[in-house]
2 protein chains.
Amino acid sequence: MTDQLSATFAALSDPTRRAILARLLLGESSVTELAKPFDMSMPAISKHIRVLEKARLIERGKDAQWRPCRLTTAPLKDAASWLDEYRLHWEARLDRLDDYLKLIQAREKKRGRKH
Amino acid sequence: MTDQLSATFAALSDPTRRAILARLLLGESSVTELAKPFDMSMPAISKHIRVLEKARLIERGKDAQWRPCRLTTAPLKDAASWLDEYRLHWEARLDRLDDYLKLIQAREKKRGRKH
DNA sequence: GATGTATTAAACCAATTGGTTAAATACAAA
DNA sequence: TTTGTATTTAACCAATTGGTTTAATACATC
């Protein structure tokens, strides 16, 4: 795997981890707080957080015995730009579909005039 | 894993599979053709393609002994919209940074008038 | 210094992943 | 009907993943 983009997508491929990220949209949070919604042991959550941290999707602070987590933007931006190339592709497809529909309409009009 | 979005991100988390998708941006292609750039056995490529197919990132046709692959757009769109929520977040952060810079500038101006 | 809370580490386990080689299948053409 | 080409299946393997439980560590407070 090794590369950053692969690590990002891998980290995003787990619903628990995506839920954690969603929670962090609302602001910084401790591990125990993040664990609340899940029917899962603390070490399991701790591991998920570790994956997010290694993929650089989150950063961590230090406040007494808490290790607050906060969102990081860079890797998500990279993932989004990777997807943008495909967005161009499907938008182009829509354009061609649009052209096609216009062509059909033009034909219909022509036929309309004939009859 | 089970859910569609997880399957999509999981499929995208491998560089070989991303390269295959990139190749398919140029158009439909057979398995052997897709395998060309990789120093990897055919069954390995076949498996990667299977993963992409199960995640619905590609569709396959049938032409004699060839099983041509072509891109599909839906799951990539879903992945992109998932990321869009985070795009809003980092754009908001930029806005706040922008506000902050404006505040600093305003202070500088004020200081400038005083001296 | 003892106690309670937050978090991680260690050891383990079953399932999945990403690769291999060797064999099977499907089709076209000679 | 044999031969060659395209692709998949099967069986295997090592490494990784996502979870567990039990213990260890770090810190604040009493």
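Chain A and chain B meet in a contact that takes 21 residues from chain B and 21 residues from chain A. This is a predicted model. Look at the chain B side of that contact. Three helices of chain B each supply at least two residues to the side that touches chain A: α1 (4–12), α2 (15–25) and α5 (74–114). Of these, α5(B) gives the largest share, 10 residues. The residues on this side of chain B divide into 12 nonpolar, four polar and five charged.

How are the two chains related to each other? A rotation of 180°, with 0.1 Å of shift along its axis, superposes chain B on chain A. The RMSD of that superposition is 0.1 Å. The two copies are thus related as by a two-fold rotation axis. The contact can be compared in the two chains as well. Of the interface residues of chain B, 100% are also interface residues in chain A, so the copies meet through the same surface.

Now take a closer look at α1(B), one of the helices that supply the contact. Which residues of α1(B) are buried? They are Thr8(B), Phe9(B), Ala11(B) and Leu12(B). These residues cover an arc of only 160° around the axis, so they lie on the same side of α1(B).

The elements that give two or more residues to the surface near DNA strand C are α3 (31–35) and α4 of chain A, together with α4 of chain B. The largest share, five residues, comes from α4(B). By class, this surface has 11 nonpolar, eight polar and three charged residues.

Which residues come nearest to DNA strand D? Of the 22 residues around it, they are Ser41(A), Ala44(A), Ser30(B), Thr32(B) and Pro43(B). Two or more residues of the surface near DNA strand D come from each of α4 (42–54) of chain A, α3 (31–35) of chain B and α4 (42–54) of chain B. Here α4(A) gives the most, with five residues. The surface near DNA strand D divides into 11 nonpolar, eight polar and three charged residues.

Methods:
Residues are numbered from 1 along each chain as its sequence is written. Chains are lettered from A and ligands numbered from 1 in the order in which they are written. This is a predicted model: local features need pLDDT of at least 70, side-chain atom pairs count only at pLDDT 80 or more; totals for chains, interfaces and linings use all residues. Two residues are in contact if their C-beta atoms, placed from the backbone, lie within 7 Å. Helices (H or I, at least four residues) and strands (E, at least two) are DSSP runs, numbered from the N terminus. Ala, Val, Leu, Ile, Met, Phe, Trp, Tyr, Cys and Pro count as nonpolar, Asp, Glu, Lys and Arg as charged, and the others, Gly among them, as polar. A residue is near a molecule or strand if its C-beta atom, placed from the backbone, lies within 6 Å of it. A residue is buried if 20 or more other C-beta atoms lie within 10 Å of its own, exposed if 12 or fewer, and partly exposed in between; C-beta atoms are placed from the backbone. The arc is that of the directions from the helix axis to the C-beta atoms. Copies are superposed by least squares on the C-alpha atoms of residues with pLDDT of at least 70 in both.
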